[in-house]
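Please find below a colleague's note on the structure shown here.

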Amino acid sequence: MSNTVSLRARGPAFDADTNGGVNGSKRSRVRRKLKRFRKQSSLKIKNVVVVILITTGSIFVIGTMIAMWNFPRHNDNVLLDAASLRAKYLQNVPTIRDTTDPLLDEDEQRILNAAHDELNRFPISIGIDDMQHENPDWETILHPGTEALKMIHGESHQQKAKKQTTPAELARVLSGNNLIQSNANTNSDNSDKSGANGGYMRVPKFWDPPVYGVIADERERRGEKLSEGDGVRRYLGNFGSRLMTPSEAKSIGSRIPSKDDGELLETIFIAIASYRDWQCSGTVESAFLHAAHPERIRVGVVDQIHFETDEPCSKPPNGSCEENPNQPLCLYKDQIDILSLDAALSVGPVFARHLGYRLYRGEYFAVQCDAHVEFVQHWDDEIIAQWHTAKNEMAVLTAYVSGVENHIDVKTGKRTSKARPIMCESDFEGSGKMKHLRHGQQPEGIPYIHDMPTIEPFWAAGFSFGRGHFIINVPYDQHLPWIFQGEEISIGLRGFSYGYDYYTPEKAACYHFYERKEIPLFWENVETYKGSGYLGMNRLNSIIHMQPDSEKDKQWIRIDERKYGLGQVRDTLKFFETFGIHVESQTVEHHLCTFVGKPMQKKFIPYLRPDGMGIDYDKLDFKFVDPRKND
């Protein structure tokens, strides 16, 4: 453009009218020169314009390519606004778009069908958070230990806490920069770039496909009152405000074709929380190696380690993948997500397992197990078959895991014993503010009930197998630092209040490595977060209504109570009365194990709802009393 202006400025010096008095021949020569000049100038202008356009276009194309290359690879749905999402999922049901008539089951199913491919994607990785923290599938949370210390000491907690530990250790632990995000067997140290400070950290969001939020919003548009929060939980009974419907429950869970015959397989997610455990990678390997269909397994590990000294769970047990590419950790690396944390951030198994539940991505079934177990041969086919025999969508198969000794041949994965534990023994332990209900050593024996699992009152953290919606509805509480012995009654009671039932499997899916020596424990950090355990236990007991009246005004963290609280399908009082638990006196009716087994099976199973949505406790009139109280 500047060249064009310059040419115009020179033009009048050759204009005939401006130079009057010039004779004809001179005018002709001037005109010929002027004509040639204009022609040459025109060509120059065109060439300049072409060069400018080409250069500008090239810069635009190159810039666009760079932008596209650097643009985060996220779920496209999170980039759409609510109106666009509504249009996307309701395009197949135009008859309901502009009405306020109640949604029918078939209407909701048509909306879900529009998201069929999205809901059946497998495997889905949690991905890696961007350096700029722009990954919309991740979010920032406050570390629960820091949260508790702030409540105890106020904003000056760091200075006060320094009296309990060294400044260097405190700075390392409370900085929030110890979070290491890892994916697909590779550790990626983002601590320098995490941007976290003051105890804040970046973690994956809970699984929440937008289609469920669209349906929940449509229900609200038609007058149904729903809570705020994740769309999938609003859809699945609105945070336990009511029992899920069969169609709602069945909408959860991906299926994939078998590599053998194309038959659709229900997928399985395994959540493993590991604390400086050298057997973690062996556990992951065992899950794939002994599965009948390893292609349907996805594992999420929360690996808490000292990066300078500990072996990461991502390290294959039998050499590198270059040396031995046929190892399960190499063959199925796309089905493994490992979130690695500095061990100094550990505040007990509850927070680690909370993070593990955040790794779930819509699998049909969900398993929770320890980081030092051995799975039996074809465990996936076997445990799924047992779950189906319960004929209960709300069934969770759970038990303490027997030791590997005399139960399994670890070389072949073959079971060598038919005995299995059953969850029936529990009592209060501790004193004062730390008193809580703890499940004790459980009896083990040959099952008397065959061809279906045996119903039991309690849930076990060592092994749990149920539908994926159990993890969605009853996630581990983010705000329970330093809880170990109370985690099981917390999850168990919350699950009960949502309508879930617990069974012990007839055949165990895995066995536990006990008697391990010199294994580091998370208690290493207890002094760093001193006092936070009291807040955690107060919160736990208060939320599940196990705080006696004398303790109800104690200090505890009162946030996210709906998100990590009780449902309204069943009342906790019904649980306490049914199984002989006295909250005020903090005592129990002993010898419950005399009832759990055949007597409980005979008494409870007839009240399984006809649609398979759990035991109907409203119709069940039973209160356990110690049969040996007067002995």
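The note covers salt bridges, helix packing and backbone geometry.

1. Basis of the note. This is a predicted model, in which local features need pLDDT of at least 70 and side-chain atom pairs count only at pLDDT 80 or more, while totals for chains, interfaces and linings use all residues. Residues are numbered from 1 along each chain as its sequence is written, and side-chain values use heavy atoms, with hydrogens and water left out.

2. Salt bridges overall. A search of the whole structure gives 27 salt bridges, a salt bridge being a side-chain nitrogen of Lys or Arg within 4 Å of a carboxyl oxygen of Asp or Glu. One of them joins the side chains of R219 and E108, at 2.9 Å from N to O. R219 belongs to helix α10 (residues 210-221) and E108 to helix α5 (residues 105-114), so this pair ties together parts that are 111 residues apart in sequence. Helices (H or I, at least four residues) and strands (E, at least two) are DSSP runs, numbered from the N terminus. Both R219 and E108 are buried; buried means under 20% relative accessible area, exposed over 50%, and partly exposed in between (1.4 Å probe, protein chains only).

3. A second pairing across the sequence. D477 and R539 form a salt bridge whose closest N and O atoms are 2.8 Å apart. Because D477 lies in the loop between α18 (468-473) and α19 (487-498) and R539 in helix α20 (residues 532-543), the pair ties together parts that are 62 residues apart in sequence. D477 and R539 are both buried.

4. A pairing within α10. The side chains of E218 and R221 meet in a salt bridge of 3.2 Å, N to O. These residues are 3 apart in helix α10, and about one helical turn separates them. E218 is buried, at a relative accessible area of 2%, whereas R221 is partly exposed, at 36%.

5. Packing of α3. In helix α3 (residues 82-90), the buried residues are L85, Y89 and L90. Seen down the helix axis, they fall within an arc of 110°, so they line one face of the helix; the arc is that of the directions from the helix axis to the C-beta atoms. These buried residues pack against α4 (94-97), α5, α6 (116-119) and α10, contact meaning heavy atoms within 4.5 Å.

6. Crossing of α3 and α10. How do the two axes meet? The axes of α3 and α10 come within 10 Å and cross at roughly 95°. Axes are lines fitted to C-alpha atoms, for helices over the stretch in contact, and angles run from 0 to 180 degrees between N-to-C directions. The two helices are therefore roughly perpendicular, a term that covers angles of 65 to 115 degrees. L85, R86, Y89 and L90 in α3 meet P210, V211, V214, E218 and R221 in α10.

7. In α19, 12 of the 12 residues are buried, so the helix is largely enclosed by the rest of the structure. Just after α19, G499 takes a positive phi of about 110°.

8. Backbone geometry to inspect. Most residues other than glycine have a negative phi, and most peptide bonds are trans. The peptide bond from F122 to P123 is cis, with omega near -10°. K391, which is not a glycine, has a positive phi of about 55° and counts as exposed at 62% relative accessibility. W482 has a positive phi near 60°, lies in the loop between α18 and α19, and counts as buried at 7% relative accessibility.

Technical notes. Angles under 35 degrees count as roughly parallel, over 145 as roughly antiparallel, 65 to 115 as roughly perpendicular and the rest as oblique.
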